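Subject: Structure handover

Hi,

Here is the structure I said I would pass on to you. Have a look at it first, and then read on for what turned up in it.

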Amino acid sequence: MAGLVTTFGSGAMTNSIGDIGDARCILIIGTNTTEAHPVIGWEIRKAARRGTRLIVANPRWIQLVREADLWLQHRPGTDVALLMGMCRVIVEEGLLDADFVAERCENFDAFKNSLEGFDLDFVERTTGVPRGQIVEAARMYAGNSPAAIFYAMGITQHSHGTDNVMATANLAMLTGNVGQPGSGVNPLRGQNNVQGACDVGALPNVYPGYQPVADPAIKDKFEQAWACSLSAQPGLTITEIFDAAYRGQIKALYVMGENPVLSEPEAKHAEEALQKLELLVVQDVFLTETARLADVILPGVTFAEKDGTFTNTERRVQLVRQAIEPVGNSKPDWWIIGQIAQRMGGKGFDLTGPSAIMDEIAQLTPAYGGISYRRLEEGGLQWPCPTEEHPGTPRLHTMLFSRGKGHFVPLEYRPPAELADDDYPLILTTGRSLFHFHTGTMSRKVRGLNVFQNEELVEMNPKDAAILGIADGDMVRVVSRRGAVVARACLTDASPAGMVFMTFHFAESPTNQLTNPALDPVAKIPEYKVTAVRIEKNGQMVAMTER
């Protein structure tokens with residue numbers, strides 16, 4: 001989100017899902033769309049089959065490669081080099097939209113000078129992508145407007161994830177592919193209400209509507225609205241919270257709808273941090289691995305047991321209507337939070353229901369100002385929707401960027417925080433399966449989904465497996481600098497030589513005990529996508545000098 005805020009002024013998806021069919025070219029990078037976002041993946045497939053040019057940039061073979069005009073198989077963690085290399089080709093060949101750059105953007109000269117560091121020999125050497133493919137991709141993207149970029153956590157979960165995002169924005173602005181149907185830069189959110197959670201302030205540095213905590217006027221606004229005193233100091237991100245808990249600087253933690261024992265990088269460290277707390281409260285729909293460590297467990301309800309709203313990846317606020325009565329003693333999250341706050345002496349928590357909460361959101365959040373349950377009964381609304389008369393906004397930055405002018409950012413290539421070496425000669429990257437979700441809290445309770453996949457797999461290239469003496473289906477031990485897990489080997493050409501792939505859905509093989517907690521310095525997102533590992537069979541380490 002920080003990258004698009006810097007360049008565009010807003011971190012949200014610029015366009016709508018319905019715009020996909022209007023694109024003449026689509027670049028997808030850092031997203032296995034058909035597995036992680038299958039509805040959007042299907043829309044991209046349909047567009048490609050109707051003639052939209054499709055560029056896939058991904059270290060692994062994914063289903064959309066079948067539909068692609070061009071597959072850029074770059075090395076993990078080299079996205080900035082690839083994207084800036086494309087920008088350099090576009091500038092050198094005069095394929096940029098000079099009018100758009102001059103009229104709607106700033107800082108172009110500094111950005112252009114930074115392209116000197118991305119000659120195609122360097123880009124090819126760094127990414128592993130032949131220079132001819134880089135040139136072809138640049139020409140295809142720049143020559144087929146409107147062109148859209150889609151990315152997901154394969155871009156953001158790096159120690160330089162913010163740079164990756166800003167590189168996508170540079171590319172879009174350079175070619176004028178912002179603000180029109182079928183264009184834009186479109187981050188695909190990792191969960192169904194991540195966008196909504198961020199919109200209403202579930203970030204450490206902003207209040208609802210991305211209003212800065214450190215701004216005195218904003219602080220005063222919310223103090224008056226909530227009749228309380230508020231801190232002007234931004235809080236901690238989730239990974240920083242666990243580090244602080246481990247050091248004893250945080251004594252109590254309230255975890256809601258999250259399973260950090262499986263989802264945090266270097267997950268064993270997160271578990272140890274939780275065990276150091278004086279109080280751990282977990283509010284969830286099932287007894288998760290994290291809830292097993294809790295002092296207090298509060299039973300929340302599922303989507304089917306409550307009223308509320310979800311704001312999806314295209315900024316569309318939609319009603320969720322209760323279908324069944326809450327099971328057992330479970331209660332809606334808003335009710336639980338309100339009851340705790342009142343018993344702690346908090347004012348303003350005598351809540352009457354989700355509709356009233358949305359009314360407060362509208363009062364305090366300009367982008368949600370015109371959204372109410374009454375209007376949502378007629379259909380979803382895309383923010384910004386500032387007034388009751390406003391129809392919602394299907395695409396952003398049509399005349400002006402949210403920040404005024406689009407800001408080009410000069411970039412340098414920075415390698416991942418951890419690289420392969422003799423002791424850890426393979427690179428592990430993590431992702432999701434079509435059949436399970438996140439830490440498997442819900443999906444693994446579905447018998448039919450477990451028929452498709454019921455255990456963790458280590459997807460590895462047959463060439464690497466041959467060197468290690470590993471056969472398809474063997475149980476292997478995956479070891480990083482932080483831990484080791486056991487899982488079943490799956491030999492596949494989808495993973496290139498030198499790289500292995502695992503999900504994090506299975507508690508029996510907790511993949512995130514391996515991953516690197518190195519953080520992006522701006523967004524503080526961990527580098528899940530690049531971890532140096534070795535693979536052992538029968539506990540034996542084998543050198544990979546033959547590779």
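Before the distances, one definition: the domain bounds used here come from an automatic or database domain assignment. Please also keep in mind that this is a predicted model.

That assignment gives domain 1 (2-188), domain 2 (194-382) and domain 3 (426-536). The centres of domain 2 and domain 3, taken over C-alpha atoms, are 30 Å apart.

Domain 2 against domain 3

Let me begin with the contact between these two. On the domain 2 side 16 residues take part, and they are in contact with 18 residues of domain 3. Together the two domains bury about 1500 Å² between them, and carbon and sulfur atoms give 66% of that area. The count of salt bridges between domain 2 and domain 3 is 1. Glu240 and Lys524 form a salt bridge, with their closest N and O atoms 3.0 Å apart.

Both ends of that pair are worth a visit. Glu240 belongs to helix H13 (residues 238-246), where it is buried along with Thr239, Phe242, Ala244 and Ala245. What do the buried residues of H13 pack against? They pack against strand E9 (252-256), helix H14 (260-263), helix H15 (267-276), strand E21 (516-519) and strand E22 (526-527). After H13 comes Gly248, with a positive phi near 85°.

Lys524 lies in the loop between E21 and E22. Its phi is near 60°, a positive value in a residue other than glycine. Is Lys524 buried or partly exposed? With a relative accessible area of 27%, Lys524 is partly exposed, because buried means under 20% and exposed over 50%.

Strands

Strand E16 (residues 426-431) pairs with E20 in the parallel sense over 5 bridges, and Ile427 has Met499 as its bridge partner in E20. Strand E17 (residues 457-460) runs antiparallel to E20 and is joined to it by 2 bridges; here the bridge partner of Glu459 is Phe501.

There is also an open sheet of 3 strands, in the order E12-E13-E14, with antiparallel pairing. Strand E12 (308-311) and strand E14 (381-382) are at its edges with a single partner strand each, so one side of each has no neighbour in the sheet. E12 and strand E13 (residues 316-320) are joined by 4 bridges, and Thr309 is bridged to Leu319 in E13.

Nonpolar cores

Which residues have the most contacts inside the largest nonpolar core? They are Tyr141 and Leu171, in a core of 54 residues. Helix H4 (residues 79-92) gives the largest share of this core, 10 residues. Leaving out residues up to four places away in sequence, Leu171 touches Leu27, Leu83, Met86, Cys87, Ile90, Tyr141 and Ile149. Another core, of 18 residues, lies apart from it and includes Ile44, Val65, Ala148 and Leu188.

Backbone points to check

Most residues other than glycine have a negative phi, and most peptide bonds are trans. With that in mind, here are some places to look at before you set anything up.

- Ser145 and Pro146 are joined by a cis peptide bond, with omega about 5°. Pro146 sits in the loop between helix H8 (131-142) and strand E5 (147-151).
- Trp383 and Pro384 are also joined by a cis peptide bond, with omega about 0°. The place of Pro384 is the loop between E14 and strand E15 (406-407).
- His397 is not a glycine, yet its phi is positive, about 60°. His397 is found in the loop between E14 and E15, and it is buried, with a relative accessible area of 4%.

Happy browsing, and do write back with any questions.

Best wishes

Methods: Residues are numbered from 1 along each chain as its sequence is written. This is a predicted model: local features need pLDDT of at least 70, side-chain atom pairs count only at pLDDT 80 or more; totals for chains, interfaces and linings use all residues. Side-chain values use heavy atoms; hydrogens and water are left out. A nonpolar core is a set of buried Ala, Val, Leu, Ile, Met, Phe, Trp, Tyr and Cys residues joined through side-chain atoms within 4.5 Å. Buried means under 20% relative accessible area, exposed over 50%, partly exposed in between (1.4 Å probe, protein chains only). Contact means heavy atoms within 4.5 Å. Two strands pair if DSSP finds at least two bridges between them. Buried area is the accessible area (1.4 Å probe) that two parts lose on being put together, summed over both. A salt bridge is a side-chain nitrogen of Lys or Arg within 4 Å of a carboxyl oxygen of Asp or Glu.
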